[in-house]
Amino acid sequence: GFLIDLSKSLEHNTNMKYIKLNVNKFTDTGAEKLLEALSSNHTITKIKLSDNNISERLIKMIHDKIKHK
């Protein structure tokens, strides 16, 4: 789906710093793909994920990943 394609694109991103993904009905499955992509992305510093179906645990993991760049 969309989040998987976005995650693949983020692996090669060198310009984008902020993405809005709120109100998209994303679940933990998509959030895990996003977290994987953020492991190799060094430019994203802010992500808006409100109003999705993502667990607090994964939101915290994503936050921690972008916070430590």
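Predicted model: local features only at pLDDT ≥ 70, side-chain atom pairs only at ≥ 80, totals over all residues.
**Helix against helix**

Let's start with the helices. Helix α2 covers residues 28–40 and helix α3 covers residues 56–67, and the two pack at an angle of about 15° with their axes 10 Å apart. Angles under 35 degrees count as roughly parallel, and α2 and α3 are therefore roughly parallel to each other. Their crossing is left-handed. On the α2 side, the contact is made by Asp 28, Ala 31, Glu 32, Leu 34, Leu 35, Leu 38 and Ser 39, while α3 brings in Arg 57, Leu 58, Met 61, Ile 62, Lys 65 and Ile 66. Sort those residues of α2 and α3 by class and you get eight nonpolar, one polar and four charged.

Helix α2 has another partner to look at. Its packing with α1 is at an angle of about 5°, with axes 8 Å apart. That makes α1 roughly parallel to α2 as well. Here the residues in contact are Leu 3, Ile 4, Ser 7 and Leu 10 from α1, meeting Gly 30, Ala 31, Lys 33, Leu 34 and Ala 37 from α2. By class, the α1 and α2 contact divides into six nonpolar, two polar and one charged. If you compare the residue lists, Ala 31 and Leu 34 of α2 turn up in the contact with α1 and also in the contact with α3.

In soluble globular proteins, nonpolar side chains tend to be buried together. In this model, the largest nonpolar core has 18 residues, and the ones with the most contacts inside it are Leu 21, Leu 34, Ile 47 and Ile 62. Helices α1 (residues 2–10), α2 and α3 each supply at least two residues of this core. Which element gives the largest share? That would be α2, with five residues.

Setting aside neighbours within four places in sequence, Ile 47 is in contact with Tyr 18, Ile 19, Leu 21, Leu 34, Leu 38, Ile 62 and Ile 66. Among these partners are Leu 34 and Leu 38, which belong to the α2 side of the contact with α3, and Ile 62 and Ile 66, which belong to the α3 side.

**A few residues up close**

Is Leu 58 buried or exposed? This residue of helix α3 has a relative accessibility of 1%, so Leu 58 counts as buried.

Ser 7 is buried, with a relative accessible area of 3%, whereas Ser 9 is partly exposed at 47%. Beyond neighbours within four places in sequence, Ser 7 is in contact with Lys 33, Leu 34 and Ala 37.

Glu 11 sits in the loop between α1 and β1. Glu 11 is partly exposed, with a relative accessible area of 37%. Leaving aside neighbours within four places in sequence, Glu 11 is in contact with Ala 37 and Ser 40.

For a sense of how sequence and space relate, here are some pairs, with distances taken C-alpha to C-alpha.

| Pair | Apart in sequence | Apart in space |
|---|---|---|
| Leu 58 and Thr 29 | 29 residues | 9.8 Å |
| Ser 9 and Thr 45 | 36 residues | 16 Å |
| Glu 11 and Lys 46 | 35 residues | 15 Å |

Most residues other than glycine have a negative phi. Val 23, though, has a positive phi of about 55° without being a glycine. Lys 25 also has a positive value, with phi near 60°. Val 23 lies in the loop between β1 (residues 18–20) and α2, and Lys 25 is in the loop between β1 and α2 too. Buried or exposed, what are Val 23 and Lys 25? Val 23 is exposed, with a relative accessible area of 55%, and Lys 25 counts as exposed at 70% relative accessibility.

Key:
Residues numbered from 1 in each chain as written. Heavy atoms only, no water. Axes fitted to C-alpha atoms, helices over the stretch in contact; angles between N-to-C directions. Helix = DSSP H or I, 4+ residues; strand = E, 2+ residues; numbered from the N terminus. Parallel < 35°, antiparallel > 145°, perpendicular 65-115°, else oblique. Left-handed = near helix turned anticlockwise from the far one by under 90°. Contact = heavy atoms within 4.5 Å. Nonpolar A, V, L, I, M, F, W, Y, C, P; charged D, E, K, R; others polar. Core = buried A, V, L, I, M, F, W, Y, C linked by side-chain atoms within 4.5 Å. Buried < 20%, exposed > 50% of the residue type's maximum accessible area, 1.4 Å probe, protein only.
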